[in-house]
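Let's take a quick tour of a protein fold, starting with the sheet and ending with a pair of rings. Have the picture open while you read.

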Amino acid sequence: WKLMVSFIMKMKAKPEKLLELKQTLQALIEPTRKAKGCLSHDVFQDIENDNNICLFEKWESQADLGDHLRSDRFTVLMGTKILLNQPPCITMSEASSSSGWEAVEAVRNT
């Protein structure tokens with residue numbers, strides 16, 4: 001199996017800065033997806049609270065994520081802190097395997 005690294009960043013935008021935050025995140029999507037080792041890069045908005053935004057990335061390796069964290073793209077992302085009500089909550093984790101829908105069905109059928 002292959003090691004994968006996930007990076008999750010939860011943000012709570014200041015209501016008057018939400019549009020600016022979303023525009024910045026939108027501009028970073030394609031360049032980040034094209035970065036070496038990026039498996040996915042997605043931005044989600046909470047359907048119950050528009051000001052809650054979650055950035056979810058998957059990387060092939062710790063080294064690839066490290067390169068991303070040192071990139072100009074990530075420097076721009078870190079600059080969005082001034083648009084937030086509080087510091088972002090960041091989680092990084094490694095997984096050696098992942099399960100899909102089949103695993104969910106297997107658990108539900110036991």
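**The sheet and its neighbours**

Here, four strands make an open, antiparallel sheet in the order β2-β3-β1-β4. Strands (E, at least two residues) and helices (H or I, at least four) are DSSP runs numbered from the N terminus, and two strands pair if DSSP finds at least two bridges between them. This is a predicted model: local features need pLDDT of at least 70, side-chain atom pairs count only at pLDDT 80 or more, and totals for chains, interfaces and linings use all residues. Residues are numbered from 1 along each chain as its sequence is written, and side-chain values use heavy atoms, leaving out hydrogens and water.

- β1 (residues 4–12) pairs with β4 in the antiparallel sense over seven bridges.
- Look for isoleucine 8, which stands opposite threonine 91 in β4.

**Helices on the sheet**
- Helix α1 (residues 18–33) packs on the sheet and touches β1, β2 and β3 (52–59), where contact means heavy atoms within 4.5 Å.
- Helix α2 (residues 62–69) also packs on the sheet, touching β1, β3 and β4.

**The ring pair**
- Searching the whole structure turns up one aromatic pair (rings of Phe, Tyr and Trp, its six-membered ring, with centres within 6.5 Å; planes under 30 degrees apart are stacked, over 60 edge-to-face, the rest tilted).
- The ring centres of phenylalanine 7 and phenylalanine 74 are 5.7 Å apart and their planes are at 80°, so the pair is edge-to-face.
- Phenylalanine 7 is in strand β1 and phenylalanine 74 in helix α3 (residues 72–78), 67 residues apart.

Key:
Axes fitted to C-alpha atoms, helices over the stretch in contact; angles between N-to-C directions.
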